[in-house]
Amino acid sequence: MKMNNKKLHFEPTIFRDWSIAYCELTWISATREFDKQFGWAYSDFIFVWDGKKETIYRAREEHIHGMFSFINKRISCDKNFIKKISQKLLSDIKEYKKLLDKWLELNFDNLNQKEILLILSTLKERYLPILPRFLIIMYFPQQIEQFYPECQEKFKKEVKICLNTRAKVDKILAPLTEIILRKVGEYILKKLKVTQANKFGRFLSFTEMQNILAENYNKNFIKKLKKILHRRSRYFLFAGGKVRYGTLKNYLRTKGWKLLPYIFNKGISLIRGHLTYKVKKLIVGRVKIVENKEELSKISKGDIIVSPMTTPEYAPIFKKVSAIVTDEGGITCHAAIVSRELKIPCIIGTKIATKVLKDGDLVEVDAEKGMITIIKKK
């Protein structure tokens with residue numbers, strides 16, 4: 001059940017490097033599709049692109065307490081609720097991946113617009129029902145870990161299922177879907193003879209791509225397309241199902257909602273977070289701030305990667321780093337899964353690491369206590 005009639009307080013929850021088309025699909029699935037499947041949904045999913053990454057904002061009342069309450073009630077009625085969600089998710093993602101793999105083998109330049117439009121429509125049809133189940137699997141353990149620790153023993157079995165399931169889905173759902181969407185965006189811009197199609201294709205919305213392929217578009221939009229894409233490449237706000245250019249605060253104000261402030265002292269020398277992989281030795285290394293996959297090339301062996309959040313696209317550099325530090329994340333986040341798999345010291349959920357630390361800072365990571373100490377600023 002949505003909470004449109006209540007005052008909601010939004011805060012940053014995850015950071016990503018997604019196309020607008022993927023943001024739109026996620027918005028539809030998290031609001032309309034979630035409600036259709038379960039009778040519960042987010043009132044809004046808000047994406048703010050700053051030129052490097054999207055920050056995804058969700059209402060605390062819904063994302064933490066609302067979803068937990070909804071899942072808790074479902075488990076009370078059916079003790080196998082999480083198990084059934086997991087089984088359905090894994091079954092659907094297996095079939096979805098077959099489609100994605102098939103499309104990834106295609107040379108889109110050899111296809112006509114109707115064929116591309118069919119790919120886009122089929123992708124949407126298959127993707128939308130999957131995401132709500134993935135969100136349940138991804139966030140239920142984090143809600144218990146961070147906000148309902150008294151329920152850890154009660155839901156021990158469910159948390160284990162969630163952890164095992166997410167690891168099998170994480171590298172497929174967003175990464176492969178995103179590749180297809182960017183290919184379609186690039187295809188469209190090439191047809192429209194827009195320069196740097198590979199760079200700007202990600203800034204078309206899903207609806208715009210469908211309309212252009214179906215030749216059902218506003219000619220004035222096409223005439224201004226280059227300027228629109230350049231503007232979006234610097235900043236956009238995707239909220240309420242639309243691309244916008246105003247500020248997040250102003251958008252929230254029109255809805256009667258608020259932004260939760262996060263206040264901290266920039267002069268601090270000690271940062272704390274949650275451990276996902278513990279080691280008894282202290283790790284000393286240079287900080288490298290990575291806000292998206294384009295910045296991975298700056299990582300050298302022994303560096304400590306500090307990121308808003310990691311994603312599967314970061315895989316090539318994990319064998320180089322001596323530790324992982326993130327602003328956000330919980331027990332099922334990507335950094336947590338990778339750190340346990342590869343035995344890399346990892347501290348997540350610091351909230352402020354990317355704001356306090358800078359490239360080249362020398363720091364000490366205490367992977368037994370969950371602390372990062374600044375030894376020397378660059």
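The lining of the largest pocket is made up of 20 nonpolar, 11 polar and 11 charged residues. Keep in mind throughout that this is a predicted model.

**Stop 1: the pocket.** Select Pro12, Thr13, Phe15, Glu328 and Lys351. Of the 42 residues that line the largest pocket, these lie nearest its centre. The volume of the largest pocket is about 890 Å³. Next, colour the elements that each give at least two residues to its lining: the strands β1 (9-16), β2 (46-49) and β3 (54-59), and the helices α2 (60-77), α4 (113-147) and α13 (353-356).

**Stop 2: strand β3.** Select residues 54 to 59, which make up β3. Are the residues of this strand buried or exposed? Six of the six are buried, and the strand is mostly covered. Show the side chains: Glu54, Ile56 and Arg58 point one way, while Thr55, Tyr57 and Ala59 point the other way.

Strand β1 pairs with β3 in the antiparallel sense, over six bridges. Within β3, Arg58 is the residue that stands opposite Glu11. Strand β2 also pairs with β3 in the antiparallel sense, here over four bridges. Ile56 in β3 is the bridge partner of Phe47. The hairpin of β2 and β3 has four residues between the strands, and Gly51 there takes a positive phi near 100 degrees.

Stop 3: Lys52 and Glu291 form a salt bridge, with 3.6 Å between the closest N and O atoms. This pair joins the loop between β2 and β3 to the loop between β9 and β10, 239 residues apart. Lys53 forms a salt bridge with Glu291 as well, at 2.6 Å from N to O, and these two residues are 238 residues apart in the chain.

**Stop 4: Lys293 and Asp17.** Select Lys293 and Asp17, whose side chains meet in a salt bridge at 3.1 Å, N to O. Which parts of the chain does this pair link? Lys293 is in the loop between β9 (282-289) and β10 (304-307), and Asp17 is in the loop between β1 and α1 (20-38), 276 residues apart. Lys293 counts as partly exposed because its relative accessible area is 28%. Asp17 counts as buried because its value is 12%, and the cut-off for buried is under 20%.

Salt bridges with shared partners join them to Asp17 and Lys293 in one network. The structure as a whole holds 22 salt bridges.

**Stop 5: aromatic rings.** The structure also holds 22 aromatic pairs. Phe47 belongs to strand β2 and Phe238 to strand β4 (residues 236-239), 191 residues apart. Both Phe47 and Phe238 are buried.

Phe47 and Phe238 belong to one cluster together with Trp18, Tyr22, Phe34, Phe38, Trp40, Tyr42, Phe45, Phe70, Phe81 and Tyr127.

Technical notes: Residues numbered from 1 in each chain as written. Predicted model: local features only at pLDDT ≥ 70, side-chain atom pairs only at ≥ 80, totals over all residues. Heavy atoms only, no water. 1 Å grid on protein atoms, 1.4 Å probe; cavity = no way out; pocket = protein on both sides within 12 Å on 5 of 7 lines; lining within 4 Å. Points joined across faces, edges and corners; volume = space filled by probe spheres on them. Nonpolar A, V, L, I, M, F, W, Y, C, P; charged D, E, K, R; others polar. Salt bridge = Lys/Arg side-chain N within 4 Å of Asp/Glu carboxyl O. Buried < 20%, exposed > 50% of the residue type's maximum accessible area, 1.4 Å probe, protein only. Pairing = 2+ DSSP bridges. Phe/Tyr/Trp six-rings, centres within 6.5 Å; stacked < 30°, edge-to-face > 60°.
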